[in-house]
Amino acid sequence: MSELDAFRAEVRDWLEANCPAEMREPVRDEGDVCWGGRNWVFKNDAQKQWLEACAAKGYTVPDWPKPYGGAGLTPEQTKILKQEMKRIKARSPLDSFGIWMLGPALLQFGTEEQKVQYLNPIARGEIRWCQGYSEPGSGSDLVSLQTFGEDKGDHWVVNGSKIWTSYADKADWIFCLVRTDKANKYQGITFMLFDMASKGVTTKPILLISGNSPFCETFFDDVEVPKTQFVGEVNRGWDVAKYLLGHEREMISGGGAGGDMVSIGGAFAKAFGKNAAGELDDPILRAEMAAFDVDVFAYRAMGERFMDMWKTGRAHPASSNMMKYVGTELNKRRHELVMSGGGSEALEWDSEETKGGARARGWLRTKANSIEGGTSEVMLNVIAKRILDLPGA
Amino acid sequence: MPLYHNDDQAMLKDSVAPFVAEQAPVSHLRKLRDSADATGFSCDLWAQFTEMGLPGMLVPEEHGGLGMGHMEAGIVLEEIGRNLTPSPFLSTSVGAVAALAKAGGTQAGRWLPAIASGEAIIALAIDEGAKHRPDRIATTATRAGNGFRLDGKKSFVLHGHVADMSIVAAKTDGGITLFAVPKDAKGLTADPRRLVDSSLASHVTLDGVEVDADAVIGEVDAGGDILDALLAATRTGAAAEMVGVGQGAMDMTVTYLKERKQFGKLIGEFQGLQHRAAHLYGEMEVARATVMKAQQLLDEGSEGAKLMVSVAKAKAGRAANLAVREGVQMHGGIGMTDEYDIGLYMKRDRALAEYMGDVHYHIDQVARMNGY
């Protein structure tokens, strides 16, 4: 048995012993997704037990080094763990912006002390982070951000506001881009970390077209931030932000920006019925779904090739922008078809049968896919400039 | 296996790409076209291909070939596509080899070494109407004497008028059977037609063609699997060639965007064109990955190959079609002239897109394979 086979066997045994049966059921609502944090209320004992078991083993962040709360797994081992979790349909023990965003930034730019201090609580699900990037006047043109941190010797006094801060109302800490030099556009931003319980921080949820409020407006009114709480260098926060945006697009790309990478037509044939020829009983919808399926399977191959190339340094550094663009546009198309396929039933907004209008709300939610993390238009700009080398782009 | 070329494959590409670009660039196609060449390809060029061992790439080593896979053949096809090189490589060295190697037996022993040595050109006589419908083959093979008698009409048979042998798919009592029909067979006529891309494809008539029993490729009535192998290989190959055609058109167009000035600016500065070029880039990258995946699955003999082959033919068809349409449009007026190459790319793409099932055919196949 090879080392990896042995590892797989070990993982299987561990999952069998530690993943509660309830945690192998499909996610039904938002409460089934564990975000952790100071104020997290576990939906049931199984959710708590599963998080604690994974945290103890380092499996909430399997590829992080052990001293920071991870399991120190190699990429191959991590892949096996994910495969095995998927095989038993295990839920993610912990979702968080700390794992996805701040963690990679700290691993890349943080001091040893910062890594130990911040990463362990993220891995254990004790501190829930949010991201303060966009501002009302700075969306795609993020670098024009105006939230300002005035230098007061041993601390900054931060004033301004952020927008689209995901779950800011539920987060414990924020990683935040703050201008610290008004004369220097790119090299005048600092990547700060501070407690959302700090005096002067307020949040206000934004009601979206989906009827949900996953995003907030966040206001800073003379918030004091100790001058030890920043990542990288003072005034060089843009480097960290850019790295994270690239990481985010890579993650979106690798994690299936195309949504569920499965055939859409097969699922609808069950609901809709088939004609005598065994075809989906709506020839035009069938054709659209099949054309979509071609693009989904094609994108799946692209995702595999992208990750193979990315991990071995063969990919164009800007190719994650292409992945994000293609994948998010694909996911929007999927949800348009989901709505068409669902007919009037899919229009229901809060009925029990539709799980509270899950399809309609999901469809509306996907419209943000091609906006958040860089709009499709910005992605196309980057491809034109950095990959195609077109003039003046 | 990672989804990129390994070192050996990269080396192959490094030798094939300059060879095709130097020996058979688009001017080579123009020369054949303008001299009303009746063969459909250059025999001299095929001799050069043979020196490099290319015709026998997929031929198993025991039959004198190189025993390579579809990933390698795809490298050659992409360069053929990029340079619009007229060549019997796809039908002879990919489609025919896949069928013969799958079947084994007498015909494999007879033809595979001849393909590898560059001596034999093989045509694929599958289609019967204007559209690719391999599940509705009407050509019949009836037992006669020690062999069979073939009757029917075939169309879109590339190189049919010059092929040393044609693989003919025919209906037998209990299924489909493939036959190796030599070019001098009595009752076999090939009527070559010049197509939009200047290639030659024949209408083939089989009027009581008599063949011996050993002309059967594989077993009688059991040609379905062999035909599937032929189709999978040829479709994947055509998709690889289309990636080359699309990439060639896109590269030419992006270069043009950086040279052509209007309103006092390079037209590549206009966002209206930048975004379309960037979108095209994404589509071409996805198509390339998809074709590689199909090649990989075929080489692995995977069960998932059939689905991915149809996905690849459809996706490459869509992407290359976008590349040539955007290419002509972004070239403006000169894109409409015969003098500029971009129009030739559009023509070749159209022919390849139709070959062995167009985008719509393969989208339909994907639906069927997914149970709807």
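Where is Ala384(A) found? I looked, and Ala384(A) is in helix 11 of chain A; helices here are DSSP runs of H or I with at least four residues, strands are runs of E with at least two, and both are numbered from the N terminus.

Before going on, I noted that this is a predicted model, where local features need pLDDT of at least 70 and side-chain atom pairs count only at pLDDT 80 or more, while totals for chains, interfaces and linings use all residues. Residues are numbered from 1 along each chain as its sequence is written, and chains are lettered from A and ligands numbered from 1 in the order in which they are written.

**Entry 1**

Next I looked at how helix 11 (residues 376-387) of chain A packs on helix 9 (residues 319-342) of chain A: the angle is about 145 degrees and the axes are 9 Å apart. Axes are lines fitted to C-alpha atoms, for helices over the stretch in contact, and angles run from 0 to 180 degrees between N-to-C directions. The crossing of these two helices is left-handed, meaning that the near helix is turned anticlockwise from the far one by less than a right angle (clockwise would be right-handed).

Who meets whom? Contact means that the C-beta atoms of two residues, placed from the backbone, lie within 7 Å. The residues of this contact divide into six nonpolar, three polar and two charged. For that sorting, Ala, Val, Leu, Ile, Met, Phe, Trp, Tyr, Cys and Pro are nonpolar, Asp, Glu, Lys and Arg are charged, and the others, Gly among them, are polar.

Most residues other than glycine have a negative phi. I found that Lys355(A) has a positive phi of about 50 degrees, although it is not a glycine. Lys355(A) sits in the loop between helix 9 and helix 10 (358-366) of chain A, and counts as partly exposed because it has 14 C-beta neighbours inside 10 Å.

Met356(B) is not a glycine either, and has a positive phi of about 60 degrees. Its loop runs between helix 10 (342-354) and helix 11 of chain B. Met356(B) is buried, with 28 other C-beta atoms within 10 Å.

**Entry 1: a loop and a strand in chain A**

I found Ser210(A) in the loop between strand 6 (201-206) and strand 7 (215-226) of chain A. Ser210(A) is partly exposed, with 17 other C-beta atoms within 10 Å. Leaving aside neighbours within four places in sequence, Ser210(A) is in contact with Arg361(A), Leu364(A) and Arg365(A).

Then I turned to strand 1 (residues 129-132) of chain A, where Trp129(A) and Gln131(A) point one way, Cys130(A) and Gly132(A) point the other way, and all are buried. Strand 1 of chain A pairs with strand 4 (residues 173-179) of chain A in the parallel sense over four bridges; pairing needs at least two bridges found by DSSP. The bridge partner of Trp129(A) in strand 4 of chain A is Trp173(A).

**Entry 2: where the chains touch**

How many residues of chain B are in contact with chain A? I got 33 residues of chain B, against 35 residues of chain A. Helix 8 of chain B gives the largest share of the chain B side, 13 residues. That side of chain B divides into 19 nonpolar, eight polar and six charged residues.

Conventions:
A residue is buried if 20 or more other C-beta atoms lie within 10 Å of its own, exposed if 12 or fewer, and partly exposed in between; C-beta atoms are placed from the backbone.
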